[in-house]
Amino acid sequence: MREEETVTEEKISIIIPVYKVEEYLETCLDSVLAQTYQNLEILLVDDGSPDRCGEICDRYAQKDKRIRVIHKKNEGVARARNTALELASGDYISFMDSDDWIAPKAYEILYRGLKKYDADCSVGDCTCAYEKDGMLFFEKKEKQKEAECIEAKEVIGKLLLQGSAIWNCLFKRKLFEKIRFPQGRINDDEVTALHVLAECRKIVYVNQETYYYRIRANSITTAAFSLKKLDFYYNAKENRRFIREKLPELLGQAEYKYVKAMLYCYVNLGRLRGEQEADRMRAALKKELRQNKVQALENPFLDWKYKILLQICTL
């Protein structure tokens, strides 16, 4: 395939859950419609958004036949993604958050990389955009490297140490034949990304800027700690179980993430002291930390600062 050719071969289904983002939604959708890769199916799932999001989705669908809008009651981002997966007709699957946006050649770059290396998944370079006082501040990026194709096991090992997300990737559709997002949890990417990547043979990092991730003060991840954020612990525990069964050679990395998640929740639950459920969970986590203490202290991936914190939390 020559570089100057127009890339419009196989269909890519882009799944975008939409909820309470009317201020950002048009930026997201304009970036998708501006893609140089034209053969797109754009699935907008209006998850019962109480603002003008549903109206904006419908307006965009009227001007571009590639857009399909699904209006449903509010059941969370995982259910929204699962609903769209059942309806998607593309050869490839991709996900976006509706307050983010993508570079004009994002899907062309991801598609070319996947085809060139005969990979099952391609991953782009993400730039974080921090929102403050009505302005966006972009993180400084290192000089971009050449694309690299990596075995799935190596990628999973790195993601267990760093964190993972489902957006900014292009997946072969077959990877989602039996996999769906766990409903009712925040940060559900952590579990799903691991399961999907474990189905891959090869993953290509295109190392080109494709995705802009907006970090908002009122988002789920930046909001103050609440009991809902115990999902970080549940997700890490689920991933540890999965790794023990499927990739036991990566158990050290999974244990690292699991212990970090327990410590994060244990410390922050202390700020909710007096709430019955918070006190109960804090006691349960302390017991679990004690049970895993010896193994954690021997874990080469766990930083000494976390090991000191573990000693303090298990007194």
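A salt bridge is a side-chain nitrogen of Lys or Arg within 4 Å of a carboxyl oxygen of Asp or Glu, and residues that form one are left out when surface patches are drawn. I jot that down before opening this predicted model.

**Entry 1: a patch on the surface**
I looked up the nonpolar surface patch made by Trp304, Ile308, Ile312 and Leu315, and its area is about 500 Å². I then picked Ile312 and found that Ile312 lies in helix 11, residues 304–313. Is Ile312 buried or exposed? Ile312 is exposed, because its relative accessible area is 53% and the cut-off for exposed is over 50%.

**Entry 2: helix 9**
Next I checked the length of helix 9, residues 276–291. Its 16 residues should span 22 Å at 1.5 Å a residue, and the end C-alpha atoms are 23 Å apart, which agrees. I listed the buried residues of helix 9 as Ala278, Met281, Arg282, Leu285, Glu288 and Leu289. Seen down the helix axis, these buried residues fall within an arc of 125°, so they line one face of helix 9. On the face turned away from that buried side I found the exposed residues Gln276, Lys287 and Gln291. What do the buried residues of helix 9 pack against? I noted helix 7, helix 8, helix 10 and helix 11 as their partners.

**Entry 3: helix 5**
I moved on to helix 5, residues 152–162, where Ala152, Val155, Ile156, Gly157, Leu159 and Leu160 are buried. The buried residues of helix 5 pack against strand 8, helix 6, strand 10, helix 7 and helix 8.

Technical notes. Residues numbered from 1 in each chain as written. Predicted model: local features only at pLDDT ≥ 70, side-chain atom pairs only at ≥ 80, totals over all residues. Heavy atoms only, no water. Patch = residues over 30% accessible without salt bridge, like charges linked within 9 Å, V, L, I, M, F, W, Y side chains within 5 Å. Areas by Shrake-Rupley, 256 points an atom, 1.4 Å probe, with all protein chains shown as cover. Helix = DSSP H or I, 4+ residues; strand = E, 2+ residues; numbered from the N terminus. Buried < 20%, exposed > 50% of the residue type's maximum accessible area, 1.4 Å probe, protein only. Expected span 1.5 Å × (residues − 1). Arc of directions from axis to C-beta. Contact = heavy atoms within 4.5 Å.
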